[in-house]
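Thanks for coming. I have one structure to go through today, so please look at the screen and I will start with the surface.

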Amino acid sequence: MTFTFHLPRSAGEAAELLADAPEGTTLVGGGTLVVPELASGLRRPEHVVDLSRAGLATISLLSEDTLHVGACTTYQQVLDCESLRARLPLLQHVAAQITGGVQIRNQGTIGGAAVAARPHSDIPAVLVALRATLHARSAARGTRQVPAAVFFRGAYEHALDPDELLEAITFPLPVPPEWSYVKLKFGEGSWPIATVVCTGRVGADRMLTDAALVVGAAAAVPLVVLTPAAAAVSPLGPELAEDLARQAERALTEPWSDVLATGEYRRAVVGGLVRRALRPLLAAGDRP
Amino acid sequence: MPVAATAARRLVVAGGSTTAAAARAPSDLALITGTARFVDDLQPTDLATMAVARSTVAHARLKEVDLSAAQCLPGVLLVLTGQDTYAALRPIPPFIDPGLLGGARADVHALPRRTVRYVGQPIAVVVAEDPHTAAHAASLITAEYELLPAVMDGRAALDPAASVLYADQGWTDNVIYRTRTDTGGVEEAFAAADHCLTRTFAIPRATTAPLEPRGYLASWDAVAGRLTLHASCQNPHQLRWMIATTLGLAESAVRVVVPHVGGAFGLKMHGHPEEPLVCLCSRLLGRPVKWIESRRECFLIGGREQVHDVEVAFDGDGVLRALRDRIVVPVGAVSSTPGWAMGKLSANTLPSGYRLRTMDVQLEVVTTTTPPWNASRGYGKEAAILVMERLLDLVARRVGIDPIEARRRNVLRSDELPHRTPSGFIIDSGDYPRLLDQLEARRRPPATGTAAQSDEVLRATGIAFEVTPEAGGIRGTFVGDYETATVRMDATARVQVLSGLTNPGGGNPLGLARIVAAELGLAPEDVLVVQGDTDLCPYGFGNFSGRGTIIGGSAAALAARGVAAQLREAAAAVLRCAADTVVLHERQATHPEAGAIALADLCLRLYTRTVEAADGTTVEPPLEATSTYRPGQTRPLDDDGHGHSYPAFSSAAYLVEVAVDRITGTVTVERVAAVHDCGTVIDEALVDGQVHGAVTMGLGAALSEQVRFDAAGVLLSDSFKSYVVLRAPDLPSFEVAHQCTPSPNTLLGAKGAGEAGVGGAIAALVNAVDAALAQIGATVTRLPVTPPNVLASLVDAGRA
């Protein structure tokens, strides 16, 4: 197998390379997914564009209300970033649980996970729950912004055009103070079978505001159970938890099936996982 | 420690249980530091690479193989189909011929001419200048198939209406091997017993998944007319024979060399089609040709799967009276590997170390249109342990006694050993009641309170008792029951041991070094162990069946004793004392009165012929001895005259604590303890490493490892993401204790280690999960106990 290898020094240069041959080009972020596919011959591109020198591996605070994470930021960078500790602990919590140990955390990237759009993965639901914005770039049209909620279009399908690359992900700040992440997987080597991301603010009156509850890895795309607009309709308590669990079960009409777990299994556990994810928020409501 | 537990299996860091052990062996340091050289690290000049094109259908007439696209690819050197190889390669001789044991035989060709019998069967090979071109070319090869009925299931294969898969070879059904052990009196015993239980136990197909897949590098030397095969294999001398036979060469024209091996577990016993194919390609091209198995290909070869329909009769005190078991073992397509005989061992290992004398066990090993088996660590014995230990738990529950007590009432006492089992095994020695006592001392009372049991979590402890036949041999086959070693001491008092054993990564060279050093008064680091080269090493059988220390270690000990006798004689001549009073210790030959001489000085004098006794006699160089060892009790025991015979039986008891998540069905292993008796322990770290590895493999087989095919026979579990093996964070630290009842049948009293633990861990884990589920009226219905399978049990119980 032969391909032309490119090592662009900027996102602009990468976009130019992509514009030349959008269909015959494979972009490599950290390479944890793509390189094994290249090695085993599952992918036979004409061009491979390695983004590792394109300056996309940065985390920066653009302002007090926007956090910028370059597309090639690794899980380990997320873990090591001091400013995330206070501002986006959920993302660090997720990064710490990535299967494969330090080798994968040092190599795998947040942006790579997003554009892989694998149903059974951690990142998509997290981006949706955190209301992230994905920044696409093409040589022809410059940059455009895609909300996470519409970025994931199906299993392995995303909203980028063939000539676009993902340049960055931005997160609105501050994120709600209460959050939880429940992840079910079948052993350390397994991909996620189902995840639940929950964020929100619990008021003195136990009213839940600014809340989001998203189920990941259970369907082709993240399943939004609760949005900020729909929250704050009832006080946070066991009844709401029960209601959300049932909503999640009902909403999971087309659960994802794979070799590790059938859709039937995923449907059977999703309600229980939602209840677990809501526990820390319920506890927050109980705090004086 | 969990890291070591995983390492012992997957990274095969020899003696990986402790850093101290690792530091003691230079070869282990190479593994840890990444400097060990495996087959794929060998890059001779002019190297070409072979890739395999594989069948995409489970059973078909092979009409036309289209090579045109592959042949046109630049860099492709050679493409071969079954039509090309039929004349050049004889059928691959079986490792264990089922025909010899009364079973059915089929010719296995490296590439088929007419019929394909599983998805993934090689139909053509390509050799190219580089691995990518070879793989690409192989992917371009297509074939026209005329589909035949597929038989994916063992019981379906036994259906009289099933397609006879080897009818073209004269078979009239799909049974490779059939046997029955009926002691008589079973009917009467069932009628007389207080209770009876009926159960079906189905064990799923698993695979060995070593960290290093198979790999071979064949180099044909046209000038010398010789083939050198570097192979990641377990049995180099037998591979040499197989290659010579298949290619029509003299054995002396073939040299097999085994570099570092990254785990074998049975997969690397020979009989695979790629072995002769890579050799043939090298011979045809006159260039070195390498084939490295891909991870995907490595998952094709299976093992373990079987179904037991069991009935057990027992009395109100929990004492077993009789057993019926009908076993069906589907071993996939017929192959020349020794995998099929695992089924025989499952039957023969029953009823484990229990007193039960009345049983009727029927076994049918059947062929199907799934990929073939090879041996898998445990070699079928694990299935017998699972069956017996599940039964003992069920019996204990039925009569209301403690599971340990149920074992105690049924195990053989030491004064009943040696004991001949109904299948003809003779269990040599052991102290099973004491093992159970030690296990009981480690068992904690059941946890109570909401943290222990709740709406969401069920906790329980499971136990298992295990007896493992070790170091087996089958006469008339290359499952050898003897081993040879040469010990050479040089002029600097350093020693070389040439051994017929091989090291799959577990570290047996350190054990050999220890044994030889002890005989010669040296330190293990003075001893270099050379293995895995058929031009250098004496004829031997490599590694399988926990035989390394028992047989190979004993051969090395005997050879070392020969050299020690020379040293004593030489020292006696120098010190002017009697040879039998000389002690070899701390690199010296010492006599209490006559004094001492450093062995290095003694060796130099001996080689320079300056050793002379008072009467003028000398001790002749070289300091070298070769010995062969065969343990006692290896006569054929079965009716067929070729039965497996085992000199020693290790024993162990296991305890596993689990937490079952009632919401998701997830099983968490919270504690693992083992009391292990492999007789004399030569190196505790090596034994612990074997126990850790075997237990991890057993827990994986019970918890998550499952080979899956789709309805058309296409492998679904073809990566470590879809075939889930346990990793370090999945496991707690292991508590391993040792008991020692030396074997009377082996030179050193050792009984072998490495296979024990697979069956015990499977059984203890499943018993623990079943005990947890029983608290709410549920039971384990399917293995492995994956979250979906456990949840299904919970849901069923909820409905009931």
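Which residues form a nonpolar patch on the surface, with about 250 Å² of accessible area together? They are A:Phe3, A:Phe5 and A:Leu7. Before I go on, note that this is a predicted model. Of those residues, A:Phe3 sits in the segment that comes before strand E1 (4-6) of chain A. Its relative accessible area is 32%, so A:Phe3 counts as partly exposed, the range between 20% and 50%.

Next, the contact between the chains. The size of an interface is often given as the accessible area lost when the parts come together. Here chain A and chain B bury about 2,000 Å² between them, and 59% of that is on carbon and sulfur atoms. Chain A puts 23 residues into the contact, and chain B puts in 23 residues.

What about polar links across it? Between chain A and chain B there are three salt bridges. There is also a salt bridge between the side chains of B:Glu456 and A:Arg279, at 2.3 Å from N to O. Seven residue pairs between chain A and chain B are in polar contact, counting pairs with both residues at pLDDT 80 or more. On the chain A side, helix H2 (34-39) and helix H11 (263-286) each supply at least two residues that touch chain B. H11(A) gives the most to that side, with seven residues.

Now salt bridges in general. Over all chains, a search of the whole structure finds 69 of them. I will take a few within single chains.

In chain A, A:Arg137 forms a salt bridge with A:Glu167, with the closest N and O atoms 3.1 Å apart. This pair links distant parts of the chain, 30 residues apart: A:Arg137 is in strand E6 (residues 133-138) and A:Glu167 is in strand E10 (residues 165-172). Is each partner buried or exposed? A:Arg137 is partly exposed, with a relative accessible area of 26%, whereas A:Glu167 counts as buried at 18%.

In chain B, B:Asp168 pairs with B:Arg117 in a salt bridge, again with a closest N to O distance of 3.1 Å. They are 51 residues apart, with B:Asp168 in the loop between H7 and E7, and B:Arg117 in the loop between strand E4 (115-116) and strand E5 (122-128). B:Asp168 is exposed, at 52% relative accessible area. B:Arg117 counts as buried, at 10%.

B:Leu165 lies in the loop between helix H7 (154-158) and strand E7 (175-182) of chain B. The residue is buried, with a relative accessible area of 4%. From B:Leu165 to B:Trp373 is 208 residues in sequence, and 16 Å in space from C-alpha to C-alpha.

Last, a salt bridge between B:Arg390 and B:Asp770, whose side chains meet at 3.3 Å, N to O. B:Arg390 is in helix H13 (residues 381-399) and B:Asp770 in helix H20 (residues 758-774), 380 residues apart. Both of these residues are buried. Elsewhere in chain B, salt bridges that share partners join B:Asp402, B:Glu405, B:Arg408, B:Arg409, B:Asp437, B:Glu440 and B:Arg443 into one network.

That is what I have. I will take questions now.

Conventions: Residues numbered from 1 in each chain as written. Chains lettered and ligands numbered in written order. Predicted model: local features only at pLDDT ≥ 70, side-chain atom pairs only at ≥ 80, totals over all residues. Heavy atoms only, no water. Helix = DSSP H or I, 4+ residues; strand = E, 2+ residues; numbered from the N terminus. Buried < 20%, exposed > 50% of the residue type's maximum accessible area, 1.4 Å probe, protein only. Patch = residues over 30% accessible without salt bridge, like charges linked within 9 Å, V, L, I, M, F, W, Y side chains within 5 Å. Areas by Shrake-Rupley, 256 points an atom, 1.4 Å probe, with all protein chains shown as cover. Salt bridge = Lys/Arg side-chain N within 4 Å of Asp/Glu carboxyl O. Contact = heavy atoms within 4.5 Å. Buried area = accessible area lost by both parts, 1.4 Å probe. Polar contact = N/O pair within 3.5 Å; in protein donor to acceptor, adjacent residues only side chain to side chain.
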